[in-house]
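Here is a walk through one structure, with an eye on how its pieces pack. Have the sequence and the model open side by side as you read.

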Amino acid sequence: MAKIRDLKNEVNYLIFEIISDCNTVIALHADKKEATLKLVNEAIELRNDLIQKINHPKETTPQYFKGLKKELVEGADKIFEKLRKLIK
């Protein structure tokens, strides 16, 4: 099982990348600012939810933390997909 600190770092890193990409979209497509800011808020909500689940786990099994990692990847993929559709 990975360290909890490492999992938190992964969450923060991936969410930071999403926000960074959103900032780039806002800089290049000012007309899509509102929709992009909604994606930023969605990313922040995902981060806060995952950090809450990591800090206060329902159980301490490796499967629980693997599930959180999977939730992070799936959530990030959904946000990146929405961002991709937005800039087309």
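Axes here are lines fitted to C-alpha atoms, for helices over the stretch in contact, and angles run from 0 to 180 degrees between N-to-C directions. This is a predicted model, where local features need pLDDT of at least 70 and side-chain atom pairs count only at pLDDT 80 or more, while totals for chains, interfaces and linings use all residues. Residues are numbered from 1 along each chain as its sequence is written, and side-chain values use heavy atoms, with hydrogens and water left out.

**The overall picture**

The chain has three helices and zero strands, so running α-α-α from the N terminus is a matter of DSSP runs (helices are H or I, at least four residues; strands are E, at least two; numbering starts at the N terminus). Its C-alpha atoms fill a box of roughly 45 × 20 × 15 Å along the principal axes. Of the 88 residues, 27% are buried (under 20% relative accessible area; exposed is over 50%, partly exposed in between, with a 1.4 Å probe and protein chains only).

**How the helices pack**

| Pair | Angle | Axis distance |
|---|---|---|
| Helix 1 and helix 2 | about 175 degrees | 9 Å |
| Helix 1 and helix 3 | about 5 degrees | 11 Å |

Helix 1 and helix 2 are therefore roughly antiparallel, and helix 1 is roughly parallel to helix 3 (under 35 degrees is roughly parallel, over 145 roughly antiparallel, 65 to 115 roughly perpendicular, the rest oblique). The contact between helix 1 and helix 3 (contact means heavy atoms within 4.5 Å) includes L7, L14 and I18 of helix 1 and F65, L72 and F80 of helix 3. By class, that contact has 14 nonpolar, no polar and four charged residues. Ala, Val, Leu, Ile, Met, Phe, Trp, Tyr, Cys and Pro count as nonpolar, Asp, Glu, Lys and Arg as charged, and the others, Gly among them, as polar.

**A look at helix 2**

**One aromatic pair**

What about rings? The structure holds one aromatic pair. The ring centres of Y64 and F65 are 5.3 Å apart with planes at 85 degrees, so the pair is edge-to-face (centres within 6.5 Å make a pair; planes under 30 degrees apart are stacked, over 60 edge-to-face, the rest tilted). Y64 is buried at 14% relative accessible area, and F65 is buried too, at 8%.

Note on methods
Phe/Tyr/Trp six-rings, centres within 6.5 Å; stacked < 30°, edge-to-face > 60°.
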